Structures are given as structure tokens and as C-alpha cells.
Amino acid sequence: MGHGLTREGILSQLGTRIIGRTLEVHDVIDSTNTRATALARAGTLDGTLVLADEQTGGRGRLGRRWHAPASTSLLMSLVLRPPLTPMQAQRATMICSLAAVDAISGMAGVEAMIKWPNDLLIDAKKVGGVLTELGLKGKKLEYVIVGMGINVNLDTETLPDLMAPATSLSTARGRAVSRLDLLISLLQHLDVYYARMCSGWSPHTAWRRVLATLGQSVRVGTQGAVIEGIAEDVNADGALLVRRTDGTIETILVGDVTLRGHALA
Ligand code: BT5
């Protein structure tokens with residue numbers, strides 16, 4: 001491929017134990033999450049990575065679209081088979097977000113945070129998103145697909161119909177960023193987090209530390225209702241705890257958060 005991300009180039013630098021050892025790189029694909037799910041169902045190894053330069057049907061949550069012109073972004077999905085229960089599966093999302101934050105924050109002058117549950121932010125603008133899909137066998141977790149899209153060298157002004165302000169790494173940094181370097185760093189961080197998580201470590205505390213959401217006045221759209229209050233905390237499974245004005249606490253497993261802008265003193 002002519003866009004700098006090749007299987008050989010990646011594998012020659014990777015040095016990970018599990019993450020990305022099995023690797024597919026596509027020029028164009030519908031969605032890396034769809035491909036990773038097919039591979040997972042066919043029994044592919046733990047840590048399998050599907051990468052694409054361009055997606056024709058990139059997906060967000062709840063049927064939304066992920067926009068990324070060719071060669072501008074990191075578009076990837078991982079097949080993970082962690083020893084977790086379905087309730088704990090959010091931990092897989094947490095470590096992928098953490099690895100992305102580490103890789104981005106490792107670049108001079110850029111600091112990334114996480115907006116609950118799955119946005120990557122720089123300067124309160126969305127620079128990436130994570131889409132997790134679970135494969136269950138009976139009551140057991142068979143696999144987790146974690147898809148990530150990160151705006152690398154992209155003018156986000158060109159993207160259509162965004163729900164929230166967006167940015168890219170090149171915008172934040174003021175110059176182009178190597179997708180290969182970012183990818184390698186992300187996968188190496190993830191490999192370490194993944195090994196720890198598989199031996200029982202919970203990423204909850206580390207993830208909580210980089211959450212931009214806590215202490216903020218929030219409005220959370222869930223499938224049933226809109227909940228307003230203060231984002232007090234996240235529990236070990238990743239659910240958001242919101243304190244309403246009447247003092248009651250709502251535990252929210254999935255939803256879309258709007259930060260209302262003023263942190264508590
Ligand atoms: C997400 O969904 O943020 C998860 C996005 C995951 C995309 C990756 S790419 C590789 C893998 N394969 C896939 O098919 N998907 C994953 P959600 O929270 O629902 O946010 C979606 C919303 O973000 C859209 O409705 C837009 O408003 C906005 N959006 C779309 N593209 C964007 C971009 N490039 N940058 C910032 N915001 C964007």
C-alpha cells in the first residue's frame with residue numbers, strides 16, 4: 001500500500017506478545033469491526049488486529065457513522081478473548097482507551113482524555129471513538145471486539161454532521177503525525193495493559209484518572225430518558241454514577257454524555 005501502513009512495516013517494529021501478532025491490513029473495507037467479528041467467529045487468535053486505510057461503512061454506536069477520508073486516520077479493530085465475565089467486558093474498552101491516551105499523550109504538547117463512555121478528547125474536542133461489541137456463548141464472554149477510530153492527519157472541518165466538536169492530532173499538534181508511530185505506541189501500551197488485565201488487574205483506577213467527565217454537570221441521553229445531574233463517579237464495571245438534583249444516584253450503563261461545561265469547585 002502506498003499510505004505508509006503495511007503489514008511488514010508494522011510487524012517489523014511491533015514487538016508485542018499478543019496484541020497485533022495476527023494482523024490484517026486492508027486498503028478499503030466496509031468496517032474493521034465487521035471483519036474482526038467474522039474472524040472472531042471463525043476462531044481467530046486472541047489479539048488479532050484488523051486495520052484499514054479507509055472504510056466504506058465505518059460504524060459508531062447505535063447505528064451512527066464514523067467518518068474518515070482515506071489515509072487520514074487510524075481505523076482498527078481488535079479481537080480480544082479476555083478471561084472476563086460479560087459484566088466486566090467494559091474493562092477491555094478501558095484498556096484500549098487508556099492505551100490510546102498514552103500513545104497520544106506521548107506526543108509532545110498533546111494531552112488526551114476520555115469522555116465517558118468511549119470518546120477520546122483533546123482540548124474537550126473529540127479526536128477518536130471506541131466501539132465495543134461483545135460475542136457471548138451462553139452466559140460466557142467468548143470474545144470482545146474493540147474498534148477504534150482516531151483522527152490523525154485530518155481537517156475535521158471537512159466532516160459532515162457531527163454531534164460534538166471534533167479535532168485531529170495534526171490540528172492539535174500543528175503538524176502531521178506518523179500513523180505508524182502512533183499505532184505502534186498504542187499497541188505496545190495495550191499489550192502491557194492486556195497482560196495485566198488477563199492476570200486479574202482492574203484498569204478502573206487508571207481509567208478513572210483520565211476521565212474528563214467526573215465532577216462535571218452532565219446531561220446523559222440514554223435509550224429511555226435524559227438524565228441530568230453531576231457525574232459523581234464510575235463504578236468498577238464502567239457504569240457512570242450521576243447524582244440528580246434531588247440527591248438520588250442513577251447508575252448508567254450506556255448513554256451519550258453532554259458535558260455542560262462547568263466543573264465543580
Ligand atoms: C464512536 O461512536 O465514537 C465509535 C467510533 C468507532 C469507529 C471505529 S473506526 C474502526 C472501527 N470500525 C468501525 O466500523 N468502527 C470502529 P459514537 O459515540 O456513536 O459517535 C459517533 C458520532 O461521532 C457520529 O454520529 C458523529 O457525530 C461523530 N463522528 C463521526 N466521525 C467522526 C470523526 N472522525 N471525528 C469526530 N467525530 C466523529
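In this predicted model, glutamate 250 and arginine 244 pair up through their side chains in a salt bridge, with N and O 2.7 Å apart. Elsewhere, salt bridges with shared partners tie Arg61, Arg64 and Asp256 into one network.

Searching the whole structure turns up 12 salt bridges. One of them joins the side chains of aspartate 233 and arginine 208, at 2.6 Å from N to O. This pair links distant parts of the chain, since aspartate 233 sits in strand β9 (residues 226-234) and arginine 208 in helix α6 (residues 204-209), 25 residues apart. Aspartate 233 is partly exposed, with a relative accessible area of 23%, and arginine 208 is partly exposed at 34%. Glutamate 142 and lysine 137 form another salt bridge, their closest N and O atoms lying 3.8 Å apart. Here lysine 137 counts as exposed, at 57% relative accessibility, whereas glutamate 142 is partly exposed at 31%.

Turning to the helices, α3 (residues 90-105) and α5 (residues 179-198) have axes that come within 8 Å and cross at roughly 140°. That angle makes α3 oblique to α5, and their crossing is right-handed. On the α3 side, the residues in contact include Ile95, Leu98, Asp102 and Ile104, while those on α5 include Leu186, His189, Tyr193 and Met197. Sorted by type, the residues of this contact come to 14 nonpolar, 2 polar and 2 charged.

Notes: Residues are numbered from 1 along each chain as its sequence is written. This is a predicted model: local features need pLDDT of at least 70, side-chain atom pairs count only at pLDDT 80 or more; totals for chains, interfaces and linings use all residues. Side-chain values use heavy atoms; hydrogens and water are left out. Axes are lines fitted to C-alpha atoms, for helices over the stretch in contact, and angles run from 0 to 180 degrees between N-to-C directions. Helices (H or I, at least four residues) and strands (E, at least two) are DSSP runs, numbered from the N terminus. Angles under 35 degrees count as roughly parallel, over 145 as roughly antiparallel, 65 to 115 as roughly perpendicular and the rest as oblique. A crossing is left-handed if the near helix is turned anticlockwise from the far one by less than a right angle, and right-handed if clockwise. Contact means heavy atoms within 4.5 Å. Ala, Val, Leu, Ile, Met, Phe, Trp, Tyr, Cys and Pro count as nonpolar, Asp, Glu, Lys and Arg as charged, and the others, Gly among them, as polar. A salt bridge is a side-chain nitrogen of Lys or Arg within 4 Å of a carboxyl oxygen of Asp or Glu. Buried means under 20% relative accessible area, exposed over 50%, partly exposed in between (1.4 Å probe, protein chains only).
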